[in-house]
Amino acid sequence: MRFLHLYCCSAALLAFSSLTASGQPPKDRPSVSAPPFADATDDAEWSMPTKNTAATRFSELSEINVETVKDLRVAFTFSTGVNKGHEGAPLVAGSLMFIISPYPNIAYALDLTRPGAPVKWQYNAKPDASAQGVACCDVVNRGPTYSNGRLFFTTLDAHVVALDANSGREIWKVKLGEINRGETMTMAPLVVRDKVIVGISGGEYGVRGWIQALNAADGKTLWKAFSTGPDQDVKIGAGFKPFYEGDRGKDLGVSTWPPNAWEIGGGTVWGFTSYDPELELIFHGTANPGPWNPNQRPGDNKWTDTVFARDPDTGEARWAYQWNPHDYHDWDGINENILVDVEWQGRPRKALVHPDRNGLVYLLDRTTGEVLSANLYHPVNTHQGVDLKTGRIKMNEKKYPHEGKVIRDVCPTAPGAKDWSPSSFSHQTGLLYIPHNNMCMDWESTEANFIAGTPYVGAEVRMYAGPGGHLGELSAWDIVAGKEVWTIKERFPVWGGTIATAGGLVFYGNMEGWFKAVDAKTGEVLWQFKTASGIIGQPTTYRGPDGKQYVAVLSGVGGWAGSIVSGDLDPRDGTAALGFVNAMADLKQATTKGGSLYVFALP
């Protein structure tokens, strides 16, 4: 019944009515496809978490399909021995599988040519233990990246490491941040030709965000672009041509903030980065402004909650679009940017699709940053969508979190309708598969004081289930029509990733520990297996040295959503984990902590 209190009724009702829809996709779905550079010449491997630089997370393998998946069995397992949240992706290159544990960030290579896939080598990065104290939301790591015989990954104490993938020998290791300032690293790197691209975490500690390119050969810095501050720091120059007037002007990264507030204003970079080799552009998001309390930072707070298109060779920005100017509710803009080609109003467009925390799925022209559409995938009462003429979201001032006042029934929540958990795009069905949350919250802004290396938040939050009483969903989304095709309701937030395959399947896991395969067209659950802990990881699939298709996933509950278990938090404190515990009090009865790799195959 909480839904009855929602604002912007027509839009919210539209979203809610689609939540109850399921079944066959529309027959007249307009054309949408993966760009040519997303097609693999050999789909045996899964060498980067996003599968390809378009971030579609789609495999052409089809041995495991809607007919055979019922026979899927465990092929082998491996315990990481770590009891924190496992958000990474198991990678495969050649005959080796690579995984990275959460802190202490131990890298493993498993030999896929031998029975049981024994460890070939392991590498202990030995990150500074005090980094655990400044990790916002569990000590997670979102996986390594393989390229040209090397394995690249980040560590919680803000180092980037390059290893020889065959031997595990350290090639280089560089320090890019200071944990005393609250700087940590959790993201998976992207390799673009000879460059390793990484970003910094720590927005809840007043960290000033940046993205940086390193030389893959020796780890030396090639360029660095901040998210806030003068144009020179943000790498905004003569080639910067944003589509909307509101994003044009000199030094907006300074003038849209109170004096000097941009220096501690967040905008960290910890999501996935996409790359279009034809346009020669990378696409990355920036996170929330700091502090959460918006009363302390009047203005648009550029360039937080923004997607940037940058030249990968120089870091120079080509365009930017701010999803949530003057962010009211911690709506980081770091969610995935999946690159697709669409037929839009009779014209072919190179596009970018982005499910944001604010509950909208955006379709942008990735050559200019123009918003083609923005449609609700979640019940919302905090805004009324986007004005396509200005590109600006229309916020509901009744939900503005004035200091000292409790604002109730705020939908979606601080982790948003969807947090980092990556969606996938099927080259086969043309649908987007979105793992997301279904929550609302009560919010009270409080004064935050900045002390380097300590929390800089200024909000007390309590989250709870949204309409329907469940906390999570997996939804199939028609990108061009801008509407949901089917959905699966889950008891807890769907905090891990999804993949799609040419076998007509979508794989994902839930926080109770079920790993599932569903029919990509209808959402029917065709197979499921109960792992030992909740799943928040990213599945992958590959062809083994024996020629068989395998599916792999890391089980191990934690992350922001699961920190009540991984951090053993008191369920009676609803404000713990920045208010997430209030919604997750019964997760301890549903699962326990402990990290393990599960790999499945047909008999």
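Biologist: F600, buried or exposed?
Modeller: F600 is buried, with a relative accessible area of 0% (buried is under 20%, exposed over 50%, partly exposed in between; 1.4 Å probe, protein chains only). This is a predicted model, where local features need pLDDT of at least 70, side-chain atom pairs need 80 or more, and totals for chains, interfaces and linings use all residues. Numbering starts from 1 along each chain as its sequence is written, and side-chain values use heavy atoms, without hydrogens or water.

Biologist: How many aromatic pairs are there?
Modeller: The count is 29, taking rings of Phe, Tyr and Trp (its six-membered ring) with centres within 6.5 Å. One of them joins F529 and F600, edge-to-face, at 5.2 Å between centres and 65 degrees between planes (edge-to-face is over 60 degrees, stacked under 30, tilted the rest).

Biologist: Why does that pair tie together parts 71 residues apart in sequence?
Modeller: Because F529 sits in strand β36 (residues 525-530) and F600 in strand β39 (residues 596-601); strands are DSSP E runs of at least two residues, numbered from the N terminus.

Biologist: And F529, what is its accessibility?
Modeller: F529 is partly exposed, at 29% relative accessibility.

Biologist: Other topic. Which ring does R208 lie over?
Modeller: R208 lies over the face of F226, 3.9 Å from the ring centre (CZ of Arg or NZ of Lys within 6 Å of the centre and within 35 degrees of the ring normal). K51 lies over the face of W46, at 5.6 Å.

Biologist: What is the average pLDDT of the chain?
Modeller: It averages 94, and 95% of the residues score at least 70; pLDDT is the predictor's confidence in each residue, from 0 to 100. Residues 1-26 fall below 50, and this stretch has 54 contacts beyond near neighbours in sequence in the model (heavy atoms within 4.5 Å).

Methods: Helix = DSSP H or I, 4+ residues; strand = E, 2+ residues; numbered from the N terminus.
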